[in-house]
Amino acid sequence: MKTGKVDVLLGLQWGDEGKGKIVDVLTPRYDVIARFQGGPNAGHTLEFEGQKYVLRSIPSGIFQGGKVNIIGNGVVLAPDLFMNEAKELESSGHPLTERLYISKKAHLIMPTHRILDKANEVAKGKEMVGTTGKGIGPTYTDKTSRNGLRVGDILENFEEKYTLHKKRHLKILTSMGWTNFDGFEDVERAWFEGVEYMKKFKFVDSEHEINHILHEGKSLLCEGAQGTMLDIDFGSYPFVTSSNTISAGACIGLGVGPNKIRNVYGIMKAYCTRVGSGPFPTELFDETGARIRELGHEFGAVTGRERRCGWIDLIQLRYSVMVNGVTELIMMKSDVLDNFDTIKACVGYRLPNGDYTEEMPYDISGVEPVYKEFKGWNTETSKFKTEDQLPTEFIQYMTFLEEFLDTRISIISLGPDRDQTIVRN
């Protein structure tokens with residue numbers, strides 16, 4: 001019996017590591033690309049041939065002709081936002097209906113989920129998580145409480161099912177004292193238009209579809225959204241997302257057995273960023289942080305929010321490498337650090353009680369980073385095509401990261417375009 005290969009690609013920090021570009025770089029090696037969790041709150045940005053695309057729910061392999069792309073059961077999908085995203089891609093000349101499949105078991109984000117998201121955030125006051133307001137959390141809450149509405153429900157008595165779920169949500173909102181429903185009818189109308197649009201696509205039992213593909217000896221790349229430190233179990237809780245963003249999430253979100261997974265590609269920036277609330281030990285509040293933000297264009301692909309910026313955190317990264325079983329590292333946005341005289345990397349934490357540790361503690365709030373300093377390379381690297389062109393200081397920085405993380409860096413990204421990438425031998 002043939003057995004195809006399964007590799008996983010995911011972010012190792014707090015998201016926004018540049019997964020979209022790397023999926024696009026790697027997809028020529030695979031037959032199928034599948035998203036295994038998350039929703040339209042996370043955007044994967046790709047740039048090539050002078051065009052920029054932001055994918056929210058659609059897998060990043062959609063630009064490779066002839067590749068099958070699957071939205072897995074672990075994804076939560078908003079029909080109206082999916083429709084807008086898909087139509088934008090179609091208008092730019094990328095046909096979707098023949099190359100994109102949607103899992104029947106993927107859960108639907110209802111218009112009332114978005115209102116619940118906002119109401120929950122307001123109720124938390126100063127303790128708010130800083131969600132995007134896209135309804136992700138309430139949708140996953142309904143899923144785990146066995147009250148969810150799924151893509152497969154579209155096929156039979158859908159409006160009746162929708163009405164029952166909507167009534168339950170409105171009852172919850174009434175109990176919370178929520179009265180702001182401005183624009184809801186317009187959103188709902190667009191949502192149902194999106195449901196009709198989705199019927200153009202092939203709804204599949206994705207776990208069967210994927211395993212049939214593997215039995216044929218074909219290869220699968222599992223694409224994660226967000227980052228390891230936003231994982232519901234292993235992230236900086238409670239400032240996390242509502243799904244498992246780590247490699248184990250690929251098994252749950254696609255129906256792939258863990259014995260099928262071969263390589264886990266972990267993506268990291270050469271520095272670190274975070275969006276929204278929550279602890280961030282290496283965050284910089286000075287001119288250096290602002291400079292990294294400006295040079296790295298660190299603004300959310302979906303929300304446009306400013307990203308918090310800081311030096312790379314190797315304690316956090318070593319933890320992410322461990323829980324994901326990372327086999328290869330991919331370093332993004334190295335070129336952003338091209339003109340810094342000094343570059344720092346966090347190699348330890350000073351805990352609030354004065355103790356020193358090199359392991360990720362239960363709570364990272366209030367920890368003080370301990371840094372190692374490196375001499376900057378002060379060289380424009382974005383035009384380099386081979387590893388031997390990289391300056392000595394760059395190589396020294398990269399080598400230290402590899403040794404500290406005990407994992408090889410196999411790909412270096414030196415700019416947003418797919419051509420600005422060095423794949424190391």
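Mentor: What follows is a look at the interface of domain 1 and domain 3.

The model is predicted, with local features needing pLDDT of at least 70 and side-chain atom pairs counting only at pLDDT 80 or more, while totals for chains, interfaces and linings use all residues. Residues are numbered from 1 along each chain as its sequence is written, and side-chain values use heavy atoms, with hydrogens and water left out.

The domain assignment, which is automatic or taken from a database, gives domain 1 as 6-106 + 203-265, domain 2 as 107-199 and domain 3 as 267-423. The centres of domain 1 and domain 3, taken over C-alpha atoms, lie 24 Å apart, and 40 residues of domain 1 are in contact with 43 residues of domain 3, contact meaning heavy atoms within 4.5 Å. Between these two domains about 3,300 Å² is buried, with carbon and sulfur atoms giving 59% of that area; buried area is the accessible area (1.4 Å probe) that two parts lose on being put together, summed over both.

Across this interface the rule finds 1 salt bridge, a term that requires a side-chain nitrogen of Lys or Arg within 4 Å of a carboxyl oxygen of Asp or Glu. The side chains of Asp16 and Arg307 meet in a salt bridge at 3.4 Å, N to O. On the side of domain 1 that touches domain 3, strand S1 (6-11), helix H1 (19-26), strand S3 (44-48) and strand S11 (261-269) each supply at least two residues, helices (H or I, at least four residues) and strands (E, at least two) being DSSP runs numbered from the N terminus. H1 gives the largest share of that side, 6 residues.
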